[in-house]
Amino acid sequence: MAMNAMTTSESDISARFSAAATTYDRAITVHDQVATDLLALFPEAETPDHILEPGCGTGLLTRKLLARFPQARIDAFDLSPEMIAQAQRDRPSGDTLNHR
């Protein structure tokens, strides 16, 4: 499959998440705890140079990763263009984040 080609189901998923992008973070309080728990799995001395985050959504985990690993370049991507747009609106300035 070509890199930019989406199947019907991918297109449906993208459309549904895009429609929810502006209100998504208010409805997913459990994700905040999951993101916090995930970060706790990293050893304290861990200092990655590069982080790949598939399915970044609105960037909830992305922002936590940036705070914990400010030296890392983060490549975050999502099927939904509106989720990416929301993540870009909420990102800190001067970060090393690439959204796709």
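Me: With which residues is G57 in contact, leaving aside its neighbours within four places in sequence?
Reply: G57 is in contact with D78, M83, I84 and A87, contact meaning heavy atoms within 4.5 Å. This is a predicted model, in which local features need pLDDT of at least 70 and side-chain atom pairs pLDDT 80 or more, while totals for chains, interfaces and linings use all residues. Residues are numbered from 1 along each chain as its sequence is written, and side-chain values use heavy atoms, without hydrogens or water.

Me: Why does G57 count as buried?
Reply: Its relative accessibility is 9%, and buried means under 20% (exposed is over 50%, partly exposed in between; 1.4 Å probe, protein chains only); therefore G57 counts as buried. G57 lies in the loop between β1 (50-54) and α4 (60-68), elements taken from DSSP runs (helices H or I, at least four residues; strands E, at least two).

Me: Why is F17 called partly exposed?
Reply: F17, in helix α1 (residues 8-20), has a relative accessible area of 34%.

Me: What describes the packing of helix α3 (residues 29-40) and α4?
Reply: Their axes, lines fitted to C-alpha atoms over the stretch in contact, with angles from 0 to 180 degrees between N-to-C directions, are 9 Å apart at an angle of about 35 degrees. The contact is made by residues including A35 and L39 of α3 and L61 and L65 of α4.
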